[in-house]
Amino acid sequence: VVNREYQEKNNLHSLNLVKDKISNTYIIPGDLYFYENPFLNNEIQSWYMLENRISKHSNVTCNTKNEIVKVKDDGLKMIGLSFINQHDSLYLKERLECLDDGMHDSCFWEETLYQKNKMFIYGKIVDTSYVDEINTYEELRNVDDHSAHLNNETLSLIADVFKINVEQIKNIKSLKKGMTNRSFLFEINHDKCIMRIPEGTDQLINRKEEYEVYQVIKDLNISDEVIYMNPQNGYKITKYLDDTRVCNQDNDEDLIKCMKLLKEFHNQDLKVESKTLIFDVFEKMEFYENLRGPKSLYKDYKQTKEKVFSLKNIIEKMPKEWKLCHIDANCDNFLFYRENNEERIKLIDWEYAGMQDAHLDIAMFCIYSMYDRKQIDHLIDIYFENKCDQQTRIKIYCYISMCGLLWSNWCEYKYTLGVEFGEYSLAQYRFAKDYYKIVMEEMENIEKCVK
């Protein structure tokens, strides 16, 4: 049973999802390594396991009656393993239902065990050598270097790339999960690198094309420094940059620097040979729609799509700066870092890059940042240094509408895979509708002026 709301709700909700299965049941976190078998054929009473050492993260202890009571000072370390017999499971189920009310989303399941300041089940105290908590690959390697779980193909790949033994890969840490990838940090001889592993993107991203883009830009010193990249599966190893931050979308100094870098990249006028590396927004919209399936979450999707597609006639009549574009040039992909006491910028994550009108990149930055119109016009003015003509501005408005529907369809497809983007997804659909109206209003004003 999967708690699909685990990002918002803790394991109290997880346990409530399986409350009907609890009866003479062991409850155990999945990150514990026991040096002795903690399970018995017969249990006399319900219990909760504590370790016989003080922890600053605990506020409970065992009294002389073996009751678990709350204390004001540091208490015994809470292990998490528990046994609940059939009789006590009835009360536990009631407590789970009561506390899983939206007001206790951040709570651990142990909250259900308390009656005032005391748990209704007894304590089971074990020695410090009885159990270890495993949070990292290295911790597992330290306690059980023969574990089959250590046979990790990704780490074997890293070892092959750097021509080292797997044991030399240190300080492995999971990084924030992105929209299309998961990544982890690792060290080799104190040099830090990042391993990117694509997730659920086989249908969305052509990794051979991404590889081709990186070959085109590799000498520009504009992107992340690639050490290894597999054009078949998209596995990528890059050099880690210390002391980094992403662009603050509400800070003018950051925006000026980012738009300057983006414009300098556009001015390189780069081309890619592959015909498939043309990023056709309308084709991509249809592509994501087909992946999503025939039914949209939005009742007026058909009408919205017709309106957005009608913008094609306007776009085709406007001049374009056709060249290699980043496509996903959003604030989180502009990475600030320090080198020789000077702040510099990289533009990372080129997996959607392709041939397009350069001004599409400006629209992408705006919709990801969920800017209002005033902020959008301000960003346009920064990029063009207050010299943007009205036709180009309207063209960018068209792109905002088009790309809004594009990423809305993308989000709907990801939703079918069980991934939700909440406010971001709704905002993209709103961009599609609102900026179609704005384009129509602006075109009407131009016609009135001509008359």
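Student: Is Asn66 buried, exposed or partly exposed, and what is its relative accessible area?
Tutor: The cut-offs come first: buried is under 20% relative accessible area, exposed is over 50%, and partly exposed is in between (1.4 Å probe, protein chains only). Asn66 counts as partly exposed, with a relative accessible area of 30%.

Student: What pLDDT do side-chain atom pairs need to count here?
Tutor: Residues are numbered from 1 along each chain as its sequence is written, and side-chain values use heavy atoms, leaving out hydrogens and water. This is a predicted model, where totals for chains, interfaces and linings use all residues, local features need pLDDT of at least 70, and side-chain atom pairs need pLDDT 80 or more.

Student: Okay, so what phi does Asn66 have?
Tutor: Helices (DSSP runs of H or I, at least four residues) and strands (runs of E, at least two) are numbered from the N terminus. Asn66 sits in the loop between strand 4 (60-62) and strand 5 (67-70). Most residues other than glycine have a negative phi. For Asn66 the value is positive, near 65°.

Student: And where is Asn24, whose phi is also listed as positive?
Tutor: Asn24 has a phi near 55°, and this residue is partly exposed at 46% relative accessible area. Its place is in the loop between helix 1 (11-16) and strand 1 (25-27).

Student: Which side chain of opposite charge is nearest to Asp88?
Tutor: Asp88 lies in helix 2 (residues 86-99), and leaving aside neighbours within four places in sequence, it contacts (heavy atoms within 4.5 Å) Ser46, Phe120 and Ile121. For charge, Lys and Arg are positive, Asp and Glu negative, with His and chain ends not counted. A salt bridge needs a Lys or Arg side-chain nitrogen within 4 Å of an Asp or Glu carboxyl oxygen. Asp88 is buried yet has none; 12 Å away is the nearest side chain of opposite charge, Arg95.

Student: How many residues of helix 9 are buried?
Tutor: Helix 9 covers residues 360-368, and its buried residues include Asp361, Met364 and Phe365. Helix 9 is mostly covered, and the count of buried residues is 8 of 9.

Student: What does helix 10 span from first C-alpha to last?
Tutor: The expected span is 1.5 Å times one less than the number of residues. Helix 10 (373-384) has 12 residues, giving an expected 16 Å, and the model comes close to that at 16 Å.

Student: Which residue with a positive phi follows helix 10?
Tutor: Among the buried residues of helix 10 are Tyr383 and Phe384. After this helix, with phi near 55°, comes Glu385.
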